[in-house]
Amino acid sequence: MPRSRFVGRTIDSHPKKKSGTSAWRSPSNIALVKYWGKHGRQLPRNPSISMTLSRAFTETMVQYEYQEYPSDSSHLEFYFEGKPNEAFRHRIKTFLDGHIDVMPFLKNVHLSIESRNSFPHSAGIASSASSMSALALCLASIESELLGTEEIDTTKASYISRLASGSACRSVFPEWAVWGQSSFYEGSDDQYAIPVGDYHEIYRDMHDDILIISDHEKSVSSSAGHKLMEDNIYADARFSQARHRMGEIKEHLASGEIMQFGKIVEDEALSLHAMMMCSDPSFILMTPKTLEAIQCIRAYRKENEAPIFFTLDAGPNVHVLYPESIAEETQAFIQNTLGPLCVDGRIIKDQMGQGPTAITEFSL
Ligand code: DP6
(Lines give C-alpha, C1' and ligand atoms only; values in the text may rest on other atoms or scores of the structure.)
Protein backbone atom coordinates (compact mmCIF):
# COMPACT_ATOMS: atom_id res chain seq x y z
CA MET A 1 0.00 0.00 0.00
CA PRO A 2 1.46 3.44 -0.87
CA ARG A 3 2.50 5.44 2.15
CA SER A 4 0.17 8.41 2.58
CA ARG A 5 1.81 11.75 1.84
CA PHE A 6 0.43 12.90 5.17
CA VAL A 7 2.05 10.31 7.38
CA GLY A 8 5.01 12.16 8.81
CA ARG A 9 8.58 11.00 8.81
CA THR A 10 10.22 10.03 12.07
CA ILE A 11 12.78 12.58 13.25
CA ASP A 12 16.18 10.93 13.22
CA SER A 13 18.66 11.75 15.95
CA HIS A 14 19.62 15.00 14.20
CA PRO A 15 16.63 17.33 14.06
CA LYS A 16 17.27 20.49 12.07
CA LYS A 17 16.26 22.54 15.14
CA LYS A 18 16.11 21.53 18.81
CA SER A 19 13.66 24.12 20.09
CA GLY A 20 11.50 26.87 18.78
CA THR A 21 8.09 28.51 18.72
CA SER A 22 5.33 28.41 16.18
CA ALA A 23 2.32 30.71 16.36
CA TRP A 24 -0.74 31.10 14.14
CA ARG A 25 -3.94 33.08 14.02
CA SER A 26 -6.68 31.05 12.40
CA PRO A 27 -10.30 32.03 11.76
CA SER A 28 -13.59 30.26 12.21
CA ASN A 29 -15.75 29.43 9.20
CA ILE A 30 -19.44 29.13 8.47
CA ALA A 31 -20.68 26.20 6.42
CA LEU A 32 -23.19 26.82 3.64
CA VAL A 33 -23.64 23.15 2.76
CA LYS A 34 -23.27 21.40 6.10
CA TYR A 35 -21.15 18.51 7.31
CA TRP A 36 -23.33 16.38 9.59
CA GLY A 37 -22.46 12.72 9.90
CA LYS A 38 -19.04 11.07 9.80
CA HIS A 39 -17.40 7.67 9.66
CA GLY A 40 -14.03 6.00 10.07
CA ARG A 41 -11.26 8.27 11.14
CA GLN A 42 -13.09 11.60 10.93
CA LEU A 43 -14.27 11.21 7.36
CA PRO A 44 -17.38 13.11 6.26
CA ARG A 45 -20.52 11.38 5.03
CA ASN A 46 -21.07 14.23 2.57
CA PRO A 47 -19.07 17.12 1.12
CA SER A 48 -19.44 20.61 2.59
CA ILE A 49 -18.55 24.16 1.59
CA SER A 50 -17.87 27.10 3.87
CA MET A 51 -16.97 30.75 3.96
CA THR A 52 -13.87 31.58 5.97
CA LEU A 53 -14.48 34.33 8.52
CA SER A 54 -12.11 36.99 9.77
CA ARG A 55 -13.06 38.41 13.16
CA ALA A 56 -13.85 35.22 15.04
CA PHE A 57 -10.39 33.67 15.34
CA THR A 58 -8.03 31.81 17.66
CA GLU A 59 -4.39 32.61 18.27
CA THR A 60 -2.23 29.69 19.32
CA MET A 61 1.43 29.66 20.22
CA VAL A 62 3.33 26.39 20.63
CA GLN A 63 6.83 26.22 22.09
CA TYR A 64 8.64 22.96 21.51
CA GLU A 65 11.77 21.35 22.95
CA TYR A 66 13.32 18.35 21.28
CA GLN A 67 13.84 15.35 23.59
CA GLU A 68 16.43 12.88 22.46
CA TYR A 69 14.72 9.79 23.88
CA PRO A 70 11.32 9.16 22.35
CA SER A 71 8.33 8.40 24.53
CA ASP A 72 5.13 6.53 23.66
CA SER A 73 2.83 9.49 24.07
CA SER A 74 2.77 13.26 23.75
CA HIS A 75 3.97 15.63 26.48
CA LEU A 76 2.31 18.98 26.82
CA GLU A 77 1.14 21.85 28.94
CA PHE A 78 -1.90 23.85 27.90
CA TYR A 79 -2.82 27.42 28.79
CA PHE A 80 -6.09 28.98 27.73
CA GLU A 81 -6.09 32.78 27.90
CA GLY A 82 -3.06 32.74 30.17
CA LYS A 83 -4.25 30.11 32.66
CA PRO A 84 -3.55 26.37 32.79
CA ASN A 85 -6.64 24.53 31.53
CA GLU A 86 -6.80 20.84 32.35
CA ALA A 87 -9.97 20.08 30.37
CA PHE A 88 -8.52 21.52 27.15
CA ARG A 89 -5.13 19.88 27.84
CA HIS A 90 -6.84 16.52 28.16
CA ARG A 91 -8.74 16.99 24.88
CA ILE A 92 -5.58 17.98 23.00
CA LYS A 93 -3.54 15.16 24.53
CA THR A 94 -6.14 12.58 23.53
CA PHE A 95 -6.11 13.95 20.00
CA LEU A 96 -2.29 13.99 19.76
CA ASP A 97 -1.85 10.53 21.29
CA GLY A 98 -4.36 9.14 18.82
CA HIS A 99 -2.42 10.54 15.85
CA ILE A 100 1.22 9.82 16.60
CA ASP A 101 1.33 7.77 13.39
CA VAL A 102 0.57 10.96 11.43
CA MET A 103 2.95 13.13 13.48
CA PRO A 104 5.71 10.81 14.77
CA PHE A 105 7.74 13.85 15.89
CA LEU A 106 5.33 14.13 18.83
CA LYS A 107 7.25 11.30 20.51
CA ASN A 108 10.33 13.51 20.63
CA VAL A 109 9.01 16.88 21.74
CA HIS A 110 7.72 18.60 24.82
CA LEU A 111 5.04 21.13 23.91
CA SER A 112 3.87 24.20 25.76
CA ILE A 113 0.67 25.45 24.13
CA GLU A 114 -1.16 28.70 24.75
CA SER A 115 -4.39 29.65 23.03
CA ARG A 116 -6.66 32.72 22.97
CA ASN A 117 -9.95 33.44 21.21
CA SER A 118 -11.04 36.77 19.78
CA PHE A 119 -14.57 36.02 20.98
CA PRO A 120 -15.62 35.31 24.55
CA HIS A 121 -15.60 31.62 25.40
CA SER A 122 -19.17 31.99 26.64
CA ALA A 123 -20.42 33.48 23.36
CA GLY A 124 -21.85 30.10 22.43
CA ILE A 125 -20.12 30.19 19.04
CA ALA A 126 -18.21 27.19 17.80
CA SER A 127 -14.52 27.51 18.58
CA SER A 128 -13.27 24.13 17.40
CA ALA A 129 -12.81 25.26 13.77
CA SER A 130 -10.54 28.18 14.69
CA SER A 131 -8.78 26.54 17.63
CA MET A 132 -8.07 23.21 15.97
CA SER A 133 -6.92 24.77 12.71
CA ALA A 134 -4.59 27.14 14.61
CA LEU A 135 -3.12 24.20 16.53
CA ALA A 136 -2.77 22.10 13.38
CA LEU A 137 -0.92 24.92 11.60
CA CYS A 138 1.49 25.16 14.55
CA LEU A 139 2.06 21.39 14.50
CA ALA A 140 2.60 21.32 10.73
CA SER A 141 5.10 24.22 11.07
CA ILE A 142 6.98 22.48 13.89
CA GLU A 143 7.21 19.30 11.88
CA SER A 144 8.70 21.14 8.92
CA GLU A 145 11.16 22.95 11.20
CA LEU A 146 12.32 19.68 12.75
CA LEU A 147 12.64 17.99 9.39
CA GLY A 148 14.21 21.04 7.80
CA THR A 149 11.67 21.15 4.98
CA GLU A 150 11.20 24.57 3.50
CA GLU A 151 7.59 25.53 3.80
CA ILE A 152 4.55 24.45 5.72
CA ASP A 153 2.25 22.22 3.71
CA THR A 154 -1.20 23.85 3.98
CA THR A 155 -2.93 20.71 2.77
CA LYS A 156 -1.23 18.71 5.50
CA ALA A 157 -2.35 21.37 8.00
CA SER A 158 -5.90 20.92 6.68
CA TYR A 159 -5.52 17.15 7.03
CA ILE A 160 -4.34 17.44 10.66
CA SER A 161 -7.12 19.97 11.41
CA ARG A 162 -9.69 17.52 10.09
CA LEU A 163 -8.46 14.80 12.42
CA ALA A 164 -9.00 17.19 15.34
CA SER A 165 -12.36 18.59 14.22
CA GLY A 166 -13.95 18.13 10.81
CA SER A 167 -15.06 21.70 10.20
CA ALA A 168 -11.57 22.98 11.15
CA CYS A 169 -10.01 21.65 7.95
CA ARG A 170 -11.88 24.29 5.91
CA SER A 171 -10.49 27.19 8.00
CA VAL A 172 -6.94 26.96 6.66
CA PHE A 173 -8.01 28.43 3.30
CA PRO A 174 -9.11 31.96 2.41
CA GLU A 175 -12.63 32.90 1.31
CA TRP A 176 -14.38 29.62 0.39
CA ALA A 177 -13.33 26.03 0.97
CA VAL A 178 -14.73 22.62 0.11
CA TRP A 179 -14.16 19.54 2.21
CA GLY A 180 -15.22 16.08 1.10
CA GLN A 181 -15.23 14.38 -2.26
CA SER A 182 -17.70 16.07 -4.59
CA SER A 183 -18.13 15.32 -8.28
CA PHE A 184 -18.63 19.08 -8.78
CA TYR A 185 -15.26 20.12 -7.36
CA GLU A 186 -12.16 18.76 -9.01
CA GLY A 187 -9.51 17.74 -6.51
CA SER A 188 -11.96 17.64 -3.59
CA ASP A 189 -11.17 14.98 -1.05
CA ASP A 190 -12.54 13.47 2.15
CA GLN A 191 -9.12 13.79 3.81
CA TYR A 192 -8.67 17.56 3.56
CA ALA A 193 -10.24 20.75 2.27
CA ILE A 194 -9.40 22.61 -0.93
CA PRO A 195 -9.76 26.32 -1.68
CA VAL A 196 -12.46 27.55 -4.06
CA GLY A 197 -11.46 30.48 -6.19
CA ASP A 198 -14.30 30.71 -8.66
CA TYR A 199 -16.98 33.03 -7.33
CA HIS A 200 -18.85 36.11 -8.50
CA GLU A 201 -17.89 39.62 -7.33
CA ILE A 202 -21.18 40.01 -5.46
CA TYR A 203 -19.98 37.58 -2.79
CA ARG A 204 -16.68 39.35 -2.15
CA ASP A 205 -16.38 40.46 1.49
CA MET A 206 -19.78 38.91 2.25
CA HIS A 207 -20.95 39.72 5.77
CA ASP A 208 -21.85 37.25 8.49
CA ASP A 209 -23.32 38.93 11.57
CA ILE A 210 -23.63 36.33 14.31
CA LEU A 211 -26.63 36.92 16.57
CA ILE A 212 -25.83 35.64 20.06
CA ILE A 213 -29.25 34.25 20.85
CA SER A 214 -27.87 32.15 23.71
CA ASP A 215 -24.47 32.04 25.38
CA HIS A 216 -25.05 28.71 27.13
CA GLU A 217 -22.97 25.62 26.52
CA LYS A 218 -24.70 23.42 23.89
CA SER A 219 -26.85 20.64 25.37
CA VAL A 220 -25.67 18.17 22.70
CA SER A 221 -22.11 18.30 21.34
CA SER A 222 -21.42 18.18 17.60
CA SER A 223 -19.66 14.83 18.09
CA ALA A 224 -22.77 13.34 19.69
CA GLY A 225 -24.92 14.86 16.93
CA HIS A 226 -22.76 13.36 14.17
CA LYS A 227 -23.01 10.00 15.87
CA LEU A 228 -26.80 10.10 15.91
CA MET A 229 -26.76 10.30 12.10
CA GLU A 230 -25.57 6.68 12.06
CA ASP A 231 -29.06 5.45 12.91
CA ASN A 232 -31.10 8.29 11.48
CA ILE A 233 -33.59 6.79 9.04
CA TYR A 234 -33.30 9.87 6.79
CA ALA A 235 -29.50 9.77 6.71
CA ASP A 236 -29.02 8.49 3.16
CA ALA A 237 -31.51 10.98 1.74
CA ARG A 238 -29.79 13.76 3.66
CA PHE A 239 -26.31 12.82 2.41
CA SER A 240 -27.46 12.72 -1.21
CA GLN A 241 -29.31 16.02 -0.76
CA ALA A 242 -26.08 17.65 0.44
CA ARG A 243 -24.11 16.14 -2.45
CA HIS A 244 -26.63 17.54 -4.91
CA ARG A 245 -26.67 20.97 -3.28
CA MET A 246 -22.88 21.23 -3.70
CA GLY A 247 -23.50 21.41 -7.44
CA GLU A 248 -26.25 24.00 -7.10
CA ILE A 249 -24.25 26.22 -4.79
CA LYS A 250 -21.24 26.04 -7.09
CA GLU A 251 -23.39 27.26 -9.96
CA HIS A 252 -24.89 30.17 -7.99
CA LEU A 253 -21.52 31.17 -6.55
CA ALA A 254 -20.06 31.43 -10.02
CA SER A 255 -23.06 33.15 -11.68
CA GLY A 256 -23.86 35.59 -8.88
CA GLU A 257 -27.48 34.42 -8.58
CA ILE A 258 -27.54 35.39 -4.96
CA MET A 259 -31.24 34.76 -4.31
CA GLN A 260 -30.89 31.12 -5.37
CA PHE A 261 -27.66 30.88 -3.42
CA GLY A 262 -29.44 32.16 -0.31
CA LYS A 263 -32.32 29.74 -0.76
CA ILE A 264 -29.94 26.79 -0.64
CA VAL A 265 -28.07 28.22 2.33
CA GLU A 266 -31.29 28.56 4.33
CA ASP A 267 -32.59 25.15 3.25
CA GLU A 268 -29.29 23.64 4.39
CA ALA A 269 -29.56 25.18 7.84
CA LEU A 270 -33.09 23.86 8.23
CA SER A 271 -32.13 20.40 6.91
CA LEU A 272 -29.35 20.26 9.52
CA HIS A 273 -31.73 21.08 12.35
CA ALA A 274 -34.40 18.77 10.92
CA MET A 275 -31.87 15.93 11.20
CA MET A 276 -31.42 16.76 14.88
CA MET A 277 -35.16 16.80 15.43
CA CYS A 278 -35.61 13.37 13.88
CA SER A 279 -32.62 11.68 15.51
CA ASP A 280 -33.26 9.10 18.18
CA PRO A 281 -33.15 10.57 20.76
CA SER A 282 -34.31 13.77 19.13
CA PHE A 283 -32.94 17.11 20.19
CA ILE A 284 -33.74 20.73 19.46
CA LEU A 285 -31.03 23.37 19.48
CA MET A 286 -33.11 26.25 18.14
CA THR A 287 -34.95 28.41 20.64
CA PRO A 288 -38.07 30.56 20.14
CA LYS A 289 -35.76 33.53 19.55
CA THR A 290 -33.89 31.64 16.83
CA LEU A 291 -37.19 31.16 15.03
CA GLU A 292 -38.22 34.75 15.61
CA ALA A 293 -34.95 35.97 14.07
CA ILE A 294 -35.47 33.66 11.07
CA GLN A 295 -39.02 34.97 10.52
CA CYS A 296 -37.83 38.60 10.78
CA ILE A 297 -35.07 37.98 8.23
CA ARG A 298 -37.49 36.35 5.81
CA ALA A 299 -40.05 39.14 6.21
CA TYR A 300 -37.40 41.84 5.70
CA ARG A 301 -36.10 40.08 2.60
CA LYS A 302 -39.58 39.88 1.10
CA GLU A 303 -40.48 43.45 1.88
CA ASN A 304 -37.23 44.93 0.64
CA GLU A 305 -36.30 42.39 -2.03
CA ALA A 306 -32.94 42.33 -0.27
CA PRO A 307 -30.43 39.48 -0.48
CA ILE A 308 -30.23 38.79 3.24
CA PHE A 309 -30.23 35.19 4.50
CA PHE A 310 -29.78 33.17 7.64
CA THR A 311 -27.80 30.08 8.41
CA LEU A 312 -27.26 28.10 11.59
CA ASP A 313 -24.50 26.04 13.13
CA ALA A 314 -25.27 23.23 15.54
CA GLY A 315 -26.69 25.72 18.03
CA PRO A 316 -29.31 28.43 18.54
CA ASN A 317 -27.27 31.39 17.26
CA VAL A 318 -28.23 32.85 13.90
CA HIS A 319 -25.70 33.82 11.23
CA VAL A 320 -27.02 36.63 9.06
CA LEU A 321 -25.45 36.69 5.61
CA TYR A 322 -25.61 39.64 3.20
CA PRO A 323 -23.38 41.19 0.53
CA GLU A 324 -21.23 44.25 1.07
CA SER A 325 -23.39 46.21 -1.42
CA ILE A 326 -26.34 46.41 1.02
CA ALA A 327 -24.31 46.59 4.24
CA GLU A 328 -25.44 50.01 5.45
CA GLU A 329 -29.21 49.59 5.39
CA THR A 330 -29.01 45.93 6.43
CA GLN A 331 -26.94 46.72 9.50
CA ALA A 332 -29.57 49.22 10.65
CA PHE A 333 -32.23 46.49 10.38
CA ILE A 334 -30.03 43.94 12.17
CA GLN A 335 -29.23 46.34 14.99
CA ASN A 336 -32.77 47.60 15.53
CA THR A 337 -34.87 44.49 14.87
CA LEU A 338 -32.59 41.54 15.55
CA GLY A 339 -30.39 43.11 18.25
CA PRO A 340 -33.17 42.93 20.89
CA LEU A 341 -33.38 39.14 20.39
CA CYS A 342 -29.71 38.72 21.39
CA VAL A 343 -28.20 38.24 24.85
CA ASP A 344 -27.36 41.79 25.99
CA GLY A 345 -27.85 42.84 22.35
CA ARG A 346 -24.67 40.97 21.43
CA ILE A 347 -23.85 40.56 17.73
CA ILE A 348 -20.46 39.48 16.40
CA LYS A 349 -19.98 41.36 13.13
CA ASP A 350 -17.92 39.10 10.98
CA GLN A 351 -17.06 38.98 7.30
CA MET A 352 -15.36 36.84 4.67
CA GLY A 353 -11.67 36.48 5.52
CA GLN A 354 -8.34 35.69 3.98
CA GLY A 355 -7.45 32.66 6.09
CA PRO A 356 -4.78 32.04 8.71
CA THR A 357 -1.62 34.06 9.28
CA ALA A 358 1.60 33.21 11.07
CA ILE A 359 2.13 35.57 14.02
CA THR A 360 5.04 36.39 16.28
CA GLU A 361 3.06 37.50 19.32
CA PHE A 362 -0.50 37.49 20.62
CA SER A 363 -2.64 40.39 19.51
CA LEU A 364 -5.35 39.57 22.04
C1 DP6 B 1 -23.02 21.92 12.08
O2 DP6 B 1 -16.61 20.06 13.03
O3 DP6 B 1 -17.72 20.61 15.22
O4 DP6 B 1 -21.01 23.17 12.17
O5 DP6 B 1 -15.72 16.82 13.54
O6 DP6 B 1 -16.93 16.21 15.63
O7 DP6 B 1 -15.38 18.19 15.63
P8 DP6 B 1 -16.35 17.32 14.81
O9 DP6 B 1 -17.59 18.22 14.43
P10 DP6 B 1 -17.65 19.73 14.01
O11 DP6 B 1 -19.08 19.76 13.28
C12 DP6 B 1 -19.52 20.91 12.65
C13 DP6 B 1 -20.91 20.74 12.23
C14 DP6 B 1 -21.57 21.98 11.67
C15 DP6 B 1 -21.55 21.99 10.16
C16 DP6 B 1 -20.27 22.36 9.46
O17 DP6 B 1 -19.46 23.15 10.01
O18 DP6 B 1 -20.10 21.89 8.33
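This is a predicted model: local features need pLDDT of at least 70, side-chain atom pairs count only at pLDDT 80 or more; totals for chains, interfaces and linings use all residues.
Student: Where is Leu270 found?
Tutor: Leu270 is found in helix α6, which covers residues 258-277.

Student: What does Leu270 touch, beyond residues up to four places away in sequence?
Tutor: With those left out, Leu270 touches Arg298 and Phe310. Leu270 and Phe310 are 40 residues apart in sequence, and their C-alpha atoms are 9.9 Å apart in space.

Student: Ok, new topic. Which residues touch the most other members of the largest nonpolar core?
Tutor: Those are Leu111, Leu139, Trp176 and Phe261, in a core of 66 residues. Helix α2, residues 128-147, gives the most to this core, with nine residues.

Student: Take Leu111. What does it touch, leaving out residues up to four places away in sequence?
Tutor: Among the residues Leu111 touches are Val62, Tyr64, Leu76, Leu96, Leu106, Leu139 and Ile142. The list also includes Gln63, His75 and Glu77.

Student: How many residues are in the second, separate core?
Tutor: That core has 24 residues, including Cys296, Ile297, Tyr322 and Ile347.

Student: What lies 7.8 Å from Cys296, C-alpha to C-alpha?
Tutor: Thr337 does, and it is 41 residues from Cys296 in sequence. Thr337 has its place in helix α8, residues 327-338. Its relative accessibility is 34%, so Thr337 counts as partly exposed.

Student: Now the ligand. How many residues surround it, and which are the closest?
Tutor: There are 17 residues around the ligand, and the closest are Tyr35, Lys38, Ser165, Gly166 and Ser167.

Student: How do the residues of that shell divide into nonpolar, polar and charged?
Tutor: Five are nonpolar, eight are polar and four are charged. Helix α4, residues 222-228, supplies the largest share of the shell, three residues.

Student: How much of the ligand does the protein bury?
Tutor: The protein buries 93% of the 460 Å² that the ligand exposes when taken alone.

Student: Back to His226. Buried or exposed?
Tutor: His226 is buried, because its relative accessibility of 4% is under the 20% cut-off. His226 is found in helix α4.

Student: What does His226 touch, apart from residues up to four places away in sequence?
Tutor: His226 touches Tyr35, Trp36, Gly37 and Lys38. A polar atom of the His226 side chain lies 2.9 Å from the backbone nitrogen of Gly37.

Student: What about Ser115, buried or exposed?
Tutor: Ser115 is buried, at 5% relative accessibility. Ser115 lies in strand β7, residues 109-117.

Student: What does the side chain of Ser115 join through a polar contact?
Tutor: A polar contact of 2.9 Å joins it to the side chain of Thr60. Neighbours within four places in sequence aside, Ser115 is in contact with Thr58, Glu59, Thr60, Phe78, Tyr79, Phe80 and Glu81.

Student: And His90, buried or exposed?
Tutor: His90 is exposed, because its relative accessible area of 52% is over 50%. His90 lies in helix α1, residues 86-97. His90 and Phe78 are 12 residues apart in sequence and 8.8 Å apart in space, C-alpha to C-alpha.

Student: Which peptide bond is cis here?
Tutor: The bond from Asp280 to Pro281 is cis, with omega near 5 degrees. Pro281 lies in the loop between α6 and α7, the latter being residues 288-304.

Student: What is phi for Gln42 and for Glu175?
Tutor: Gln42 has a positive phi of about 60 degrees although it is not a glycine. Phi of Glu175 is also positive, near 60 degrees. Gln42 sits in the loop between β2 and β3, and Glu175 in the loop between α3 and β8. Gln42 counts as buried at 13% relative accessibility, and Glu175 counts as buried at 13% too.

Notes
Residues are numbered from 1 along each chain as its sequence is written. Side-chain values use heavy atoms; hydrogens and water are left out. A nonpolar core is a set of buried Ala, Val, Leu, Ile, Met, Phe, Trp, Tyr and Cys residues joined through side-chain atoms within 4.5 Å. Buried means under 20% relative accessible area, exposed over 50%, partly exposed in between (1.4 Å probe, protein chains only). Helices (H or I, at least four residues) and strands (E, at least two) are DSSP runs, numbered from the N terminus. Contact means heavy atoms within 4.5 Å. A residue is near a molecule or strand if one of its heavy atoms lies within 4 Å of it. Accessible areas come from the Shrake-Rupley method with a 1.4 Å probe; for residues, only the protein chains shown count as cover. Ala, Val, Leu, Ile, Met, Phe, Trp, Tyr, Cys and Pro count as nonpolar, Asp, Glu, Lys and Arg as charged, and the others, Gly among them, as polar. A polar contact is a pair of N or O atoms within 3.5 Å; within protein, one must be able to donate a hydrogen and the other to accept it, and residues adjacent in sequence count only if both atoms are side-chain atoms.
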